[in-house]
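Please look over the sequence and the structure shown here. A short report on the fold follows.

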Amino acid sequence: MKRVTGKSMMALVMVLVLMGWWPPAGQAVAADQPYPVKISIQKLSNGIFYPVVTSGIDQEAIRKSINKTFLEHADVIWRKDQAYRKQYEKDKLTGIPGPYYASTRPYVRFNDGRLLSVSFVDEAYTGGAHGMHYEKTYNFKTDTGEQLQLGDVVTNQTQLDQVNDYVKNQMIELKKAGRYDFFIDSFKGIDQKEGQFYFDRDGITLVFQEYEVAPYSNGIIHIHVPWEVFK
């Protein structure tokens, strides 16, 4: 597989900026970023990229295991893309707009040498007014390769209640400020098993998908929760 570097990487950056996909400083997709774990970005096919840990994790078995997880995610999206494009060859005969496709792009969310958080923003279009997006996060302990779920961080009922109260209050304040049009009553609490999150400098960031707590126009929403809220 051909590595994306130099001019091609810069072109990718420009596309992400124009599409509004490029994340804040310290969270961007980057090859050779100045972090403990070095990551390069590989291209599986058009619109489908995945990260590869190249150094910073000494144990080869752990490095390979993490890289396998990333490649498997990209491969799932590639298979969907092939299936969607094949389906469109049939559907276009009826005048349905297209083409159908699936794509994914990785984002390095946190990387301090102990913890590594990477998310993939998947996009799919299979007809209709617009495509759909989903952000899948992967959080690893770099010394063991253990993948952490939200329930490994928010571990008991007291912490869960504290996080839920904080998030709901944040939603209320952000809605009052006109930032988002939250469906406040639809938030019943975070899901410790399926909830998406990533680590940040002083806590965690929760990821809410399109339509989960707000209309599609608000996109995927990230809410930061400081450690002091529940630890």
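The text below covers confidence, strands, a helix, a cavity and the backbone.

**Basis and confidence**

This is a predicted model, in which local features need pLDDT of at least 70 and side-chain atom pairs count only at pLDDT 80 or more, while totals for chains, interfaces and linings use all residues. Residues are numbered from 1 along each chain as its sequence is written, and side-chain values use heavy atoms, with hydrogens and water left out.

pLDDT is the predictor's confidence in each residue, from 0 to 100. For the protein chain the mean pLDDT is 88. A pLDDT of 70 or more is reached by 85% of the residues. Residues 1-32 have pLDDT below 50. Beyond near neighbours in sequence, this stretch has 58 contacts in the model, a contact being heavy atoms within 4.5 Å. Where pLDDT is low, the predicted coordinates should not be read in detail.

**Strand pairs**

Helices (H or I, at least four residues) and strands (E, at least two) are DSSP runs, numbered from the N terminus. Two strands pair if DSSP finds at least two bridges between them.

| Strands | Bridges | Facing residues |
|---|---|---|
| β1 (residues 38-45) and β2 (residues 48-55) | seven | Lys38 and Ser55 |
| β4 (residues 115-125) and β5 | 10 | Val121 and Glu135 |
| β7 (residues 203-208) and β8 | six | Thr205 and His224 |

β1 and β2 form a hairpin with two residues between them. Gly47, in that turn, has a positive phi of about 80°. The hairpin of β4 and β5 has six residues between the strands. There, Gly127 takes a positive phi near 105°.

Three strands form an open sheet, in the order β6-β7-β8, with antiparallel pairing. β6 (196-200) and β8 (221-226) are the edge strands, and each pairs on one side only. From one strand to the next, the twist averages 25°. Helix α3 (residues 157-176) lies across β7 and β8. It runs at about 130° to β8. Axes are lines fitted to C-alpha atoms, for helices over the stretch in contact, and angles run from 0 to 180 degrees between N-to-C directions.

**The cavity**

On a 1 Å grid over the protein atoms alone, a cavity is a set of points where a 1.4 Å probe fits but cannot get out; lining residues have an atom within 4 Å of a point. Grid points are joined across faces, edges and corners, and a volume is the space filled by probe spheres set on the points.

The count comes to one cavity of 30 Å³ or more. The largest cavity has a volume of about 50 Å³. Its lining includes Lys136, Tyr138, Gln147 and Phe197. β5 (132-141) and β6 each give two or more residues to this lining. β5 gives the most, with four residues. The lining divides into three nonpolar, six polar and one charged residue. Ala, Val, Leu, Ile, Met, Phe, Trp, Tyr, Cys and Pro count as nonpolar, Asp, Glu, Lys and Arg as charged, and the others, Gly among them, as polar.

**Backbone exceptions**

Most residues other than glycine have a negative phi, and most peptide bonds are trans. Which peptide bond is cis, with omega near 5°? That bond runs from Gly98 to Pro99. Pro99 is found in the loop between α2 (60-91) and β3 (101-111). Tyr211 is not a glycine, yet has a positive phi of about 75°. Tyr211 lies in the loop between β7 and β8.

Key:
1 Å grid on protein atoms, 1.4 Å probe; cavity = no way out; pocket = protein on both sides within 12 Å on 5 of 7 lines; lining within 4 Å.
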